[in-house]
Amino acid sequence: MSVAAARRTALAAQGFADGRPGGGIDRRHLRRFLERTKLVQLDSVNVAVRAHYMPLYSRIGCYPRELIDKAAWSHRARQPRLLVEYWAHEASLIPVEDWPLLRWRMRRHGGSWRTKSRELLERAPGLVDDVLAAVKESGPVGAGALETELGGGRKRGSGPWWNRTDTKQACELLFATGELTTGARRGFERLYDLPERVLPAEVLARDPEEDDAVRALVERSAHALGVATESDLRDYYRLGAAQCGQATAELVEEGVLEPVAVHGWSKRAYRHKAARTPRAVTGRALLCPFDPLIWQRERAERLFGFRYRIEIYVPEPRRVYGYYVFPFLLDGELVARVDLKADRTAGLLRVRGAFAEADGDVGRIVPELADALGDMARWLGLAGVAVEERGDLARPLRLKRPR
């Protein structure tokens, strides 16, 4: 299999060869998207748009963001929630019916998270039970409200990025073990609730054996990726090497996965039996840094020849491209990248840097990128696009006004 064929296979598996819907966007489109990607990563950064909104937009275009909010964090009898939060590929939204496939991880976290929280549990031995009881009585409720209810004033944890109170740490421990889940969100604050008030009884009743659950997760990874190495399959749900290796071997034996050699790849790859390889992939899309097409950086380099590193945590003088950089997909290739910021006060999508790949055709890229930026600004409710001076695409983008 050539790299070009593997690339088209991967793009088709992720929904980039489906074409964009012509009418209104509704839950049917969200379900179709989830059939492709299986999950959506959550991230707290909101410099341009929250990460969980962007992958659906990248594939189908403008849609109301309330579609995801309602699917994940509200429950009505006629429209039960489609999504629930848990640790899948990092913090993620997963289909409600997939929650039981991670119960083995919840049991493991019951040990590992309690080990990490040992100092807290020794210092405040009744806190976890108090939090659970308070959520049972008051949920959905945030950690801050719980801290006030339980008395607050406890010692804060330390760390370079987090400064969590004991109460928040207890909530996260109970979330990791599956004893709490996210009932709703207020802004981006997680409001904790009991799983039995969030998930259907039939979902809660399912508890597959670990081997069966892992095999199902690897099959989902393979379906979402199209063609992938074992390490790619493992990364999608952050599985262990031994458990993923066993599941992969079993899926090959069952005929679900077919071993293939991709030219230039040093490791064996596996193609899902349902994967298709279109003759061409057309269209354009801006991809957030946490899009499942590119979140495995080494895979993105193998597929697209695109070296991508997120620079959020890099000191500003050492950043190469910028703080929050969106790769630009055009006709099946990653041809450029733009550092974006939504300036909500000024009503502008600011392009703080714009860069073509080394072999990119600037004359072809600029009009497509300009229009893609204009489309994204309108989707975000912004009045326009402002291009700053960094990068080789900055000047031609300023000269080309988006439609």
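Predicted model: local features only at pLDDT ≥ 70, side-chain atom pairs only at ≥ 80, totals over all residues.

Tutor: The structure contains zero disulfides. A disulfide is a covalent bond between the sulfur atoms of two cysteines. Consider Cys-62: the closest cysteine sulfur to its own belongs to Cys-288 and lies 17 Å away. A disulfide requires the two sulfur atoms to be within 2.5 Å, so the separation of 17 Å between Cys-62 and Cys-288 is too far for a bond. Cys-62 has a relative accessible area of 56%, and because the threshold for an exposed residue is over 50%, Cys-62 counts as exposed. Cys-171, by contrast, has a relative accessibility of 0%; buried means under 20%, and therefore Cys-171 is classed as buried.

Burial may also be followed elsewhere in the chain. Helix 2 spans residues 27-37, and its buried residues are Arg-27, His-29, Leu-30, Phe-33, Leu-34, Arg-36 and Thr-37. Directly after helix 2 comes Lys-38, whose phi is positive, at about 75°.

A further buried position is found in a loop. Pro-278 sits between strand 9 (269-272) and strand 10 (284-286), and its relative accessible area of 12% makes it buried. When neighbours within four places in sequence are left aside, the contacts of Pro-278 are with Arg-8, Ala-12 and Ala-17. Leu-303 is 25 residues from Pro-278 along the chain, and the C-alpha atoms of the two are 15 Å apart.

These details belong to a protein with 16 helices and 14 strands. Of its 403 residues, 54% count as buried. Its radius of gyration is 22 Å, which agrees with the value near 22 Å that a compact globule of 403 residues would have. Along the principal axes, the C-alpha atoms occupy a box of roughly 65 × 55 × 45 Å. Among contacts between residues at least 6 apart in sequence, 65% link residues at least 24 apart.

As for the surface, the accessible area is about 18200 Å², and carbon and sulfur atoms account for 48% of it. The protein carries 66 positive and 55 negative charges, and the mean positions of these two sets are 4 Å apart.

Methods: Residues numbered from 1 in each chain as written. Heavy atoms only, no water. Helix = DSSP H or I, 4+ residues; strand = E, 2+ residues; numbered from the N terminus. Rg over C-alpha atoms; globule rule 2.2 N^0.38 Å. Buried < 20%, exposed > 50% of the residue type's maximum accessible area, 1.4 Å probe, protein only. Contact = heavy atoms within 4.5 Å. Areas by Shrake-Rupley, 256 points an atom, 1.4 Å probe, with all protein chains shown as cover. Lys, Arg positive; Asp, Glu negative; His and termini not counted. Charge placed at Lys NZ, Arg CZ, Asp CG, Glu CD.
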